[in-house]
Amino acid sequence: DLRLIFMEIGDIISESFKYPFNNGTDFLKVAALFVLLVIPAIFSALMLFSKNSLLMVVCTVIMIVCYIIFALIAGGYFLSVIKEGINQSGLIPGYDFAKNIVDSIKVWVLGIIFSLIPAVIIFLLAFVVFGIGSANDAALGIGLIIFVVIALILAIIVYIFLTISVLRLAHYDSLSEALSFSAIKEDLSAIGIANFIIVYLVFTIIATAIFFIGAFILLIPILGVIVYMMFIIPYVYLAIAYGFGLMYSDIV
């Protein structure tokens, strides 16, 4: 029944965007992690107006360090948020830095593995397209269109399978389970490709709207950057991570 399907998806979306408000204190702890993005943003502004080469080097090093620390923690942390969604818990998890870092690395491994084959295909296809097109402009134009279409299709397929893989990692806490291609196909079939795409599109539309409207806050010097990066971005990340977990909870 399509009506029931859309009601269920509506519940997932609704619960997801309520989730960050479940505990204000815990949300602030999540927001604190995003200071690691605020610092580089402010330092970037400083570098625009600075003519001091030493200051620029120091700012660049600090920015890189902030990004690395953020990347090491964020992936694993949001994996724990997905797990809360799978468990249908309303709790916003705390940090477990050792586990967060290990889980972030696991997520990176999944991303690399799922991207390898499509990357090779795209590289070979680009080689063929530009090889043929070097002697014929019309062939190059047609080849580029085909190249873009195939690249987009591969990107969509990779995203879908990688997402299910990450959901399995959150649920089973096992790379072998996350990389079980047959199990991933079974999970995707159980969720329904149409349902997955609908949830993804709705999340994308809502997130884009929030980011766009929130961008007006950036007009406020410094304070706008802090509010946008420490509150708006983590709010959306929490909602989407939790939402995908809720979606997966229906089949486990």
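**Close-up 1. Pro-40 counts as buried, because its relative accessibility is 0%.** Buried here means under 20% relative accessible area, while exposed means over 50% and partly exposed is in between (1.4 Å probe, protein chains only). This is a predicted model, in which local features need pLDDT of at least 70, side-chain atom pairs count only at pLDDT 80 or more, and totals for chains, interfaces and linings use all residues. Residues are numbered from 1 along each chain as its sequence is written, and side-chain values use heavy atoms, with hydrogens and water left out. You'll find Pro-40 in helix α3, which covers residues 35–49. Helices are DSSP runs of H or I with at least four residues, strands are runs of E with at least two, and both are numbered from the N terminus. Which residues touch Pro-40, leaving aside its neighbours within four places in sequence? They're Val-35, Met-63, Cys-66 and Tyr-67, where a contact means heavy atoms within 4.5 Å. Lys-18 is 22 residues from Pro-40 along the chain, and their C-alpha atoms are separated by 29 Å.

**Close-up 2. Helices α2 and α10 cross at roughly 110°.** Helix α2 takes in residues 24–33 and helix α10 residues 223–249, and their axes come within 9 Å. That makes α2 roughly perpendicular to α10. Angles of 65 to 115 degrees count as roughly perpendicular, under 35 as roughly parallel, over 145 as roughly antiparallel, and the rest as oblique. The axes are lines fitted to C-alpha atoms over the stretch in contact, and angles run from 0 to 180 degrees between N-to-C directions. So who meets whom? On the α2 side it's Phe-27, Leu-28, Val-30, Ala-31 and Ala-32. On the α10 side, look for Met-230, Phe-231, Pro-234, Tyr-235 and Leu-238.

**Close-up 3. Asp-187 sits in helix α8, residues 181–191.** Is Asp-187 buried or exposed? With 11% relative accessibility, Asp-187 counts as buried. Leaving aside neighbours within four places in sequence, Asp-187 is in contact with Ile-164, Arg-168, Tyr-248 and Ile-251.

**Zooming out. The protein chain has ten helices and zero strands.** Its C-alpha atoms fill a box of roughly 55 × 50 × 35 Å, taken along the principal axes. Of its 252 residues, 38% count as buried. Take the contacts with a separation of 6 or more: 78% of them come from residues 24 or more positions apart.
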